[in-house]
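Reader: I would like a close look at the charged pairs in this model. Please take them one by one.

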Amino acid sequence: FINKYKTNMAAEKKNDIPDLAKDAVLVSSESVKLESETVLGYDFNQGLDYEKMFKTFVRTGFQATNIGRAIEEVNRMIKWRLSDEPIAENEDEDLKDPEVRKNIRCTIFFSYTSNLISSGMREYIRYLAQHKMIDCIVTTAGGVEEDFIKCMAPTHLGAFEMKGAELRKGGINRIGNLLVPNDNYCKFEDWMMPLLDQMLKEQKEEGITWNPSTFIHRLGKEINNEDSVYYWCYKNDIPVFCPAITDGSIGDMIYFHSYKNPGFVMDIASDIRRINDIALKAKHSGMIILGGGIVKHHVCNANLMRNGADFSVFVNVANEFDGSDSGARPDEAISWGKIKMTAQPVKVYAESTTVWPIIMGETFVRNKDKAARA
């Protein structure tokens, strides 16, 4: 030990780097050539060009790279046609026609949590429905009712720090930093109750069986307001699935109605068949899921019926350490057969209002002609 100490002291006197430190810090890289892209951001010396800037995201790193990859994945959904694939040996005769094949698209499942309809994201979602760029929607009860309520009265900006007790005394409901006067829900009740009476009448007299998707379709017709997401879903025959239809103000209305005029029935079994059949019949399928919980799992589980989606983009802030489906990365869905093993799915760890406008702008909007269904 004494001799080693003397040797090190002698080295320090010669201004040499100690061997231990040098070996630790100056580790040689392996001679294997790195094949991946180099990191490079946008150069503002080129001027302010958002299209060019967003194209550099994929090489920027961190969540910018995931945003860039999400843009690429959504564009693959939009541009895919059956004509891109070789004709299978067991293909139906009518699907061998090149003209038919080039008009068969990827079936796009689009899902989101209710807070996005409460926010200004509603207008982005409405655009997709208005121009028939998606094939079906999955959302929560709040994601349905908040759209109709906004046709009757506005939602206001507030602050996350506003005191709940004070707001409650004033009849104001807070959604994050958004404020909804309770009177808005009273207006919703005034609109809903006669509709529930009419639908119950049709159920009894015409034998109509209502399920969440036909229920929402009818509400979209009755609202008759071009500001509404579900008005455009009605106009363009885009089915809207809501497996937890009673978990919100709609459930409150159905509850109140059961005392005033009992007997209204909602059949959820027929809707699970309908969404699963959409997935099963899709020649290619894509999932765009903003948020987590039931809206994420319902779409993924439908795609299990076809042994997985071909394209997938998840956007949420949840992490996987608690074992929740909300936080699960796409690779977990692959293990369940909900995403194909050959797919290149993307998860963006971000709050949707900050990144979906970018992703949507660089995909559905920029490629509007390819994205819009006939």
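Author: What follows is a walk through the salt bridges. The model is predicted. Side chains of opposite charge can pair when their charged atoms come close. The structure holds 22 salt bridges.

Start in helix 4, residues 62-79. Glutamate 73 pairs with arginine 76 there. Their closest N and O atoms are 2.6 Å apart. The two residues are 3 apart, about one turn of the helix. Arginine 76 is partly exposed, at 31%.

Helix 10, residues 182-206, holds another such pair. Lysine 201 and glutamate 205 meet in a salt bridge, 3.1 Å from N to O. They sit 4 residues apart, again about one turn of the helix. Lysine 201 counts as partly exposed at 42% relative accessibility. Glutamate 205 counts as exposed at 57%.

Glutamate 91 forms a salt bridge with lysine 283, with the closest N and O atoms 3.8 Å apart. Glutamate 91 lies in the loop between helix 4 and helix 5 (98-101), and lysine 283 in the loop between helix 14 (269-281) and strand 7 (285-290), so the pair ties together parts 192 residues apart in sequence. Glutamate 91 has 15% relative accessibility; buried means under 20%, so this residue counts as buried. Lysine 283 is partly exposed, with a relative accessible area of 36%.

Salt bridges link Glu51, Lys55, Glu362 and Arg366.

Terms used. Residues numbered from 1 in each chain as written. Predicted model: local features only at pLDDT ≥ 70, side-chain atom pairs only at ≥ 80, totals over all residues. Heavy atoms only, no water. Salt bridge = Lys/Arg side-chain N within 4 Å of Asp/Glu carboxyl O. Buried < 20%, exposed > 50% of the residue type's maximum accessible area, 1.4 Å probe, protein only.
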